[in-house]
Amino acid sequence: MKKERSSFTSRLGFVLAAAGSAVGLGNLWRFPYLAAKYGGGTFLLVYIILAITFGFTLMIAEIAIGRNTRLSCIGAYRKLDQRFGFLGWLASLVPVIITPYYCVIGGWVVKYLVEFVTGNGLQAAGDSYFASFTAAQLPGVFNSPVIWFVLYVLLNAVVVLFGVEKGIEKVSRVMMPVLVILSIVIAGYSLTIPGAMDGLKYYLLPRMEDFSIFTVLAAMGQLFYSMSLAMGIMITYGSYMQKDNILEHSVTQIEVFDTGFALLAGLMIIPAMVAFSGGDTALVRESAGAGLMFGVLPKVFESMMFGGVIGTIFFLLVLLAALTSSISLTETIVSILVDKLHIGRKPATVGVLLGVLLLGLLSCLGYGPLSAIQPLGMAFLDFFDFISNSILMPIVAFLTCILVGHVVGPKFIIDEVETSGAFHRKKLFVVMIRWIAPVMLLMILGTEILKFLGVISV
Ligand code: PHE
């Protein structure tokens with residue numbers, strides 16, 4: 001007997017599940033540091049333009065492919081065109097690369113949470129704390145980043161192995177609005193720090209001189225990452241979506257939610273960062289990196305009334321947001337193994353977790369004991385982030401555009417979208433998927449390669 005594919009029971013159910021996967025460390029940890037690094041308001045503007053054109057196009061295409069084929073990405077691409085079967089595999093490689101280092105950052109979040117719970121938030125706000133912690137230079141077992149990474153992987157494992165995602169999702173549905181409100185409060189407070197207004201200007205006002213192809217490059221990579229695009233995940237989500245769900249609406253909702261969250265995270269962090277660096281935006285740009293959220297927010301909490309409590313709640317909520325994302329990442333890999341290797345769910349999960357531990361260990365130690373090894377001149381975590389966001393995802397996105405725009409034709413997607421309602425931005429979709437998106441993606445890939453070869457520099 002053929003098994004019926006289960007569906008999300010409500011429209012909101014779909015949006016919330018997809019948003020749970022989309023909203024995570026990408027919004028809270030990755031977006032603010034890229035925005036700070038790539039010119040503040042200029043990055044913001046480019047990001048928003050890309051989100052409503054490019055992000056919209058790719059997300060609607062992926063969800064429609066999933067809903068039409070009722071398959072996850074490996075089968076779905078093959079069903080659209082035999083020759084594109086490999087694309088499913090390529091897309092599936094992305095979560096394999098991201099999950100391990102995602103868990104490393106998840107571990108950092110757990111560590112900061114514990115520091116705040118135990119009343120050590122003040123210590124975590126120290127200038128060199130983050131660098132020393134991630135470089136594994138702090139004394140004592142409980143200061144080793146490896147312990148926290150392993151703890152996060154176990155946390156993730158417990159949820160996936162015992163199938164309690166439903167529980168986590170329920171909790172996070174209640175917690176997400178709390179996180180939004182708390183973030184608004186924190187952002188509001190950040191803006192009262194002396195000097196923060198200059199930071200607000202830096203964050204919101206675009207300046208032409210800050211614009212370069214690298215701004216577009218960084219914004220595009222961030223878009224893929226944050227909206228869980230170009231890695232097959234939205235195809236899988238779409239395959240569970242009911243036919244009467246108005247596709248364009250849902251996509252708009254996910255996009256607004258995800259982007260809104262990222263903007264808010266930036267608002268919490270960037271003005272405060274500029275204030276702390278005495279208004280020196282050149283310094284801000286130079287020093288913004290993977291440690292930004294961890295460096296700036298404890299300082300904000302430290303100066304706030306009830307900062308210890310607020311910090312505790314905040315890191316707890318970040319942990320939840322990270323978990324809903326890493327669960328969806330892990331699930332994707334597990335389901336591929338179950339489908340393709342015909343092994344049970346338990347052994348597949350255990351296998352994936354061992355792989356995550358092994359690969360993640362490189363990222364976890366890459367700022368400390370392993371810092372002598374620098375693939376492409378980067379620490380391991382940055383290297384994996386680069387390979388997935390700047391190389392693999394643009395390739396997957398490019399080939400998806402070619403497949404949809406020129407091989408099966410945009411009508412396939414349009415018909416699927418229109419089975420459940422109007423497609424208002426149809427014209428935009430067609431032009432984007434056929435011409436603008438693939439050309440831009442090629443330019444981006446070309447730039448990356450030139451950068452890699454050392455022909456141009458950032
Ligand atoms: N989009 C998630 C985030 O912003 C990351 C993620 C990517 C989650 C891929 C699931 C799948 O953190």
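**Ligand site and selected residues**

With a relative accessibility of 11%, threonine 259 counts as buried, a class that covers residues under 20% relative accessible area, exposed being over 50% and partly exposed in between (1.4 Å probe, protein chains only). The model is predicted, so that local features require a pLDDT of at least 70 and side-chain atom pairs a pLDDT of 80 or more, whereas totals for chains, interfaces and linings use all residues. Residues are numbered from 1 along each chain as its sequence is written, and side-chain values rest on heavy atoms, with hydrogens and water left out.

Threonine 259 belongs to helix 13, which spans residues 247-276; helices are DSSP runs of H or I with at least four residues, numbered from the N terminus.

The ligand is surrounded by 15 residues, of which Ala22, Gly26, Tyr102, Tyr225 and Ile233 are the closest; a residue is taken as near if one of its heavy atoms lies within 4 Å. This shell is made up of seven nonpolar and eight polar residues, and no charged residue is found in it, with Gly counted as polar, and Ala, Ile and Tyr among those counted as nonpolar. At least two shell residues each are contributed by helix 1 (11-22), helix 2 (25-37), helix 11 (213-226) and helix 16 (307-341).

A nitrogen atom of the ligand lies 3.5 Å from a polar backbone atom of serine 21, and an oxygen atom of the ligand is 3.0 Å from a backbone N or O atom of leucine 25. Asparagine 27, in turn, places a polar side-chain atom 3.2 Å from an oxygen atom of the ligand. Of the 320 Å² of accessible area that the ligand has on its own, the protein covers 100%, as computed by the Shrake-Rupley method with a 1.4 Å probe. The ligand sits in the largest cavity, a cavity being a set of points, on a 1 Å grid over the protein atoms alone, where a 1.4 Å probe fits but cannot get out, and a molecule sits in it if more than half of its atoms lie within 2 Å of the grid points.

Backbone angles were examined at two loop residues. Most residues other than glycine have a negative phi. Alanine 230, although not a glycine, has a positive phi of about 55°; this residue is placed in the loop between helix 11 and helix 12 (233-239), and its relative accessibility of 1% means that alanine 230 counts as buried. Leucine 376, also a residue other than glycine, has a positive phi near 55° and is found in the loop between helix 17 and helix 18 (380-407), where leucine 376 is partly exposed because its relative accessible area is 40%.

Serine 371 likewise lies in the loop between helix 17 and helix 18 and, at 33% relative accessibility, counts as partly exposed. The C-alpha atom of serine 371 is 8.5 Å from that of alanine 135, although 236 residues separate the two in sequence.

Several helical residues were also examined. Phenylalanine 301, part of helix 15 (residues 292-302), is buried because its relative accessible area is 1%, and its C-alpha atom lies 9.9 Å from that of phenylalanine 116, a residue 185 positions away in sequence. Phenylalanine 130, in helix 7 (residues 129-134), is buried with a relative accessible area of 14%, and 33 Å separates its C-alpha atom from that of alanine 91, 39 residues apart along the chain. Leucine 365, located in helix 17 (residues 345-365), counts as buried at 18% relative accessibility, and the C-alpha atoms of leucine 365 and valine 160, which are 205 residues apart in sequence, are 25 Å apart in space.

Technical notes
A polar contact is a pair of N or O atoms within 3.5 Å; within protein, one must be able to donate a hydrogen and the other to accept it, and residues adjacent in sequence count only if both atoms are side-chain atoms. On a 1 Å grid over the protein atoms alone, a cavity is a set of points where a 1.4 Å probe fits but cannot get out, and a pocket is an open set with protein on both sides within 12 Å along at least five of seven lines; lining residues have an atom within 4 Å of a point.
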